Amino acid sequence: MKNISVIGSGTMGNGIAHVFAQHGYPVALLDVSQEKLDAAILTIDRNIARQVKKGMVREEEKPEILQRISTHKSLPEGLKEADLVIEAAFEDWEVKQALFREIDRYAPVKAILASNTSSISITKIAAVTARPQQVIGMHFMNPVPVMELVEVICGYATAQNVVQQVCELSRMIGKTPVEVTDYPGFVANRILMPMINEAIIALQEGVSGVSGIDSVMKLGMAHPMGPLQLADYIGLDVCLSILTILYEGFGNPKYAPSPLLVNMVKAGFLGVKSGEGFYTYSSNGKASGISERFKS
Ligand code: CAA
């Protein structure tokens, strides 16, 4: 596989494009507006600069990496050369199914179609295409240039040679693939989201405050971020949507989203992206303190 098309230029999409381009792959990055694409290129530029500062990338490589990324608003144009398409669009079934029908229409017949979905069934996505054996999950973690894991999700019909190719490609870009089967939340979010939910329930019950709960997990379990800070980082709306998929997928009340999480999402307190969740954030995404609502 040589040519990679990435659909969606948000946090995950631009991170995926960055990593493939860094490892020598030509990337076609697609989104609906040039404004979004320009913002994504600026983000990639900034993140490569961080890698240059750390000595992970040489200064002279930076323009070469950026040149490997072309931007496109038209699906037929951006997919025409693709060997692998990675969809990293909005995490919504209606959006994904409409998009996969279009991707299936325009991508070369041999192309593998991957979704970076965090919890939507790969089998269900594959079923809207005419090539379910070539549909697979490639679940990258945020921040993509830093996190080593790619959760590789095999749908009911995914062919074994497709799984092998995707695992091999993941290694080529410096990641470690872990194969999982298509089950609600796969492995990453089946384990991560109940932990985040439990932290929110503990906060709601007054067991400890925001800082106390996060400190316990950072200092006691060596997590780089506490669960409440991580929830803000992922996006509280995303956490709620994944918990809902777990709750409905297993029909088990242990996955029921905490009422506090539900209320915060209803009120638009989504974490870093909205400027406030459990913490408050400045415009560059840095935490500036604990939200007033959780201070007492
Ligand atoms: N691109 C390139 N490099 C980046 C980067 C980016 N976007 N973001 C951070 N970095 C680098 C920094 O340059 C720095 O490099 P060094 O270690 O060499 O110094 C390193 O990453 C650490 O960054 P910072 O010093 O800025 O900040 P930090 O030490 O607080 O680390 C963090 C930031 C890497 C995000 C760390 O807090 C962390 O690992 N947090 C947990 C992240 C996590 O759990 N991600 C998974 C979320 S779940 C998910 O994504 C899936 C889902 O479906 C919900």
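**Close-ups of a predicted model**

View 1. I4 sits across from L84, a residue of β4. This is a predicted model, and here we're looking at how strand β1 (residues 4-7) runs parallel to β4, with four bridges joining them. On the β5 side, L84 has I112 as its bridge partner. That pairing, between β4 and strand β5 (residues 112-115), is parallel too and takes in four bridges.

**View 2. Strand β4, covered on both faces.** Stay with β4 (residues 84-87) and check its side chains: L84 and I86 are buried on one side, and V85 and E87 are buried on the other.

View 3. The ligand has 18 residues around it, with R50, K54, H139, N142 and N189 the closest. H139 puts a polar side-chain atom 2.8 Å from a ligand oxygen. N142 uses its backbone instead: a polar atom there is 2.7 Å from a nitrogen of the ligand. In the side chain of N189, an N or O atom lies 2.9 Å from an oxygen atom of the ligand. On its own the ligand would expose 1000 Å², and the protein buries 68% of that.

**View 4. Who makes up the shell.** Zoom out a bit and the ligand turns out to lie between domain 1 (4-181) and domain 2 (189-288), because both give residues to the shell around it. By type, the shell has eleven nonpolar, five polar and two charged residues.

Definitions and conventions. Residues are numbered from 1 along each chain as its sequence is written. This is a predicted model: local features need pLDDT of at least 70, side-chain atom pairs count only at pLDDT 80 or more; totals for chains, interfaces and linings use all residues. Side-chain values use heavy atoms; hydrogens and water are left out. A residue is near a molecule or strand if one of its heavy atoms lies within 4 Å of it. A polar contact is a pair of N or O atoms within 3.5 Å; within protein, one must be able to donate a hydrogen and the other to accept it, and residues adjacent in sequence count only if both atoms are side-chain atoms. Accessible areas come from the Shrake-Rupley method with a 1.4 Å probe; for residues, only the protein chains shown count as cover. Ala, Val, Leu, Ile, Met, Phe, Trp, Tyr, Cys and Pro count as nonpolar, Asp, Glu, Lys and Arg as charged, and the others, Gly among them, as polar. Domain bounds come from an automatic or database domain assignment. Buried means under 20% relative accessible area, exposed over 50%, partly exposed in between (1.4 Å probe, protein chains only). Helices (H or I, at least four residues) and strands (E, at least two) are DSSP runs, numbered from the N terminus. Two strands pair if DSSP finds at least two bridges between them.
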